[in-house]
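I opened this notebook to keep track of what I looked up in one structure. The entries go from the whole chain down to one residue.

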Amino acid sequence: MKKIIIFFIVILALSVTASAEYLYDNEGLLTQSEAEEIETLLEKAVEKADMPIIIVTSDSYGYDIKSFAEECVRKYNDAALLVASDANDEWYLHTVGRADDIYDIDALLEQILPYRQSGDYYTAFKTFAKECHEGAKLPLMRILIPIILGLVIGLITVSIMKSSLKTVRYKSGAEDYVKSGSLNITASHDRFLWKNITRVRRQNNNSSGGRSGSPSRGSGRKF
Amino acid sequence: MALLQDYKCPNCDGAVEFDAAEQVIKCPWCGTEFDVAVFAADPECEAPDSMEWESASDGEWKDEDGAYRFVCNSCGGEIITDETTASTRCPWCDNPVVMAGRVSGELKPDFVIPFKLDKNAAKEALRKHVSSKKLVPKVFKDENKIEEIRGIYVPFWIYDTDAKANIRYKATRVRMWSDSRYNYTETSYYSVIRGGTLGFNKIPIDASSKLANDISESIEPFDFSDAVDFESAYLAGYLADKYDVPSIECEPRINDRVKRSVEDAFRSTAVGYSTLTTEASSVQLHDPKVKYALYPVWILNTKWEGNTYTFAMNGQTGKFVGDLPLDKGAWWRWFLGVSGIASAVAVAISALTFFI
């Protein structure tokens, strides 16, 4: 029941302004020109990050803002979402999938909230859009790990090349000069001495199926 | 017997040389080819005359500085050698000469494996050896250096023996299973005893102190089936040394190799164990025989930054060895180049998989 209600609220919230793609200003916090400007900025960020970056303002969100946010981006694997509910004095930032890797939502909230407090919604949304644009880069680990991998490949390659420089080695035996068929085993005893048994407790890793879908994270403030 | 021997062509009297490709003695002047047997020593007729009036030097004399001097039969020029040279070329007329006194009598080798690969093959092998390695300083690819490669008959002691051995190994067998709560590992210990014999044929060990043993072992094996009874005519045109390491000094090394091979061969008959380590072994050599042989080796010594680098090729099989120095600059260029390309590709893959 709860899910159905949220579902309808979201449908309503995302269908108010038909022209917009990423900004759904249901509360009317922005002027027409401001809204257009924010939409343009969001479009730029979306293009760079290659995933939806959405702002929704809504005076109602059903039971809780978290469920509302999750429902808004349910159809996306990767997305960043800012839900602003001025009527309820609650803002919420939600990231799914890749956005979760790229954006540090707590830091993002810290940057946006001061503007919200002074009632400057336009700058707050602009900051969100710009930061999402700025932050749309490969995460550092996605660069560092391949570089380390490349260095390891390089090191292995030159080590192989270096080892080919050494060709002078003592022979270990004289197997090249064994008379063929001269091996004659006359005594052969294999005697069992003793045995010991060690046991190690098995690790119970009955993992409960794991989570499906993309990783997601959310963080919000109520004022 | 004259101390300095050069081999003259019976046809034109020119100095002849052994030809590795044709396996005959060839006269470079008139082109005639002779079987080595033509030049085989005939001890009775060639026994030295004893007609000297004074008991004099026999043509070989030693300087205070340790150099040995000979007079070239062909041009009369002076040939200076060290104590062990058995065959060389006259520095004045390039005539191939053999210090016959150093490969006759007590010092006469029993066998010789004649050179099978000539200088061009050796130069080609050296070029390939160096060019296939990317981290070698450029100076090693210098053609002039390659030209200096020399064919040398290196003295080897060759050992025949039947080894009788009793060896005790400590062996383990490991079995693993598990039930719902535990993983079990069962290790069983065994005492494995093997006794028997293993025969060895013509194990060579380098009898010259001039050639490092690790190099002479690296170009092994030599195939003794190509060996022939020694005739000094085979040395014509090549360098040759007489032995200067007595066979008794080589025995510990030979024993090591025999023992290791026996242990390995016996170990291969103990199957089904997870580990097998030699605990005790006793090896007795039966019917050991030592012979003296000259084996063909192409050698090049090169100095670089104060170190000497020796390259050697088995003159019979063509196996080429020689440690090469590392060019640090090349090392860094290759490391950075390969790492750079690999990193770029890896980052690209990482980015593509991230954004798609």
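Helices here are DSSP runs of H or I with at least four residues, and strands are runs of E with at least two, numbered from the N terminus. The model is a predicted one.

Entry one, the fold. I counted the elements of chain A and got 7 helices and 6 strands. I then read them along the sequence and wrote down the pattern α-β-α-β-α-β-β-α-α-α-α-β-β.

Entry two, the chain as a whole. I looked up how much of chain A is buried: 39% of its 223 residues. The accessible surface came to about 13,000 Å², and carbon and sulfur atoms hold 53% of that. For contacts in chain A between residues at least 6 apart in sequence, I noted that 68% join residues at least 24 apart.

α7(A) has 24 residues, and its first and last C-alpha lie 34 Å apart, close to the 34 Å expected at 1.5 Å a residue. Which residues of α7(A) are buried? I listed A:Pro146, A:Gly150, A:Gly154, A:Val158 and A:Met161.

I looked up a nonpolar patch of about 790 Å². Its members are A:Leu140, A:Met141, A:Leu144, A:Ile145, A:Ile148, A:Val152, A:Ile156 and A:Ile160.

How values were computed:
Residues are numbered from 1 along each chain as its sequence is written. Chains are lettered from A and ligands numbered from 1 in the order in which they are written. This is a predicted model: local features need pLDDT of at least 70, side-chain atom pairs count only at pLDDT 80 or more; totals for chains, interfaces and linings use all residues. Side-chain values use heavy atoms; hydrogens and water are left out. Patches are made of residues with over 30% relative accessible area and no salt bridge: like charges are joined within 9 Å, nonpolar side chains (Val, Leu, Ile, Met, Phe, Trp, Tyr) within 5 Å. Accessible areas come from the Shrake-Rupley method with a 1.4 Å probe; for residues, only the protein chains shown count as cover. A salt bridge is a side-chain nitrogen of Lys or Arg within 4 Å of a carboxyl oxygen of Asp or Glu. The expected span of a helix is 1.5 Å times one less than its number of residues. Buried means under 20% relative accessible area, exposed over 50%, partly exposed in between (1.4 Å probe, protein chains only). Contact means heavy atoms within 4.5 Å.
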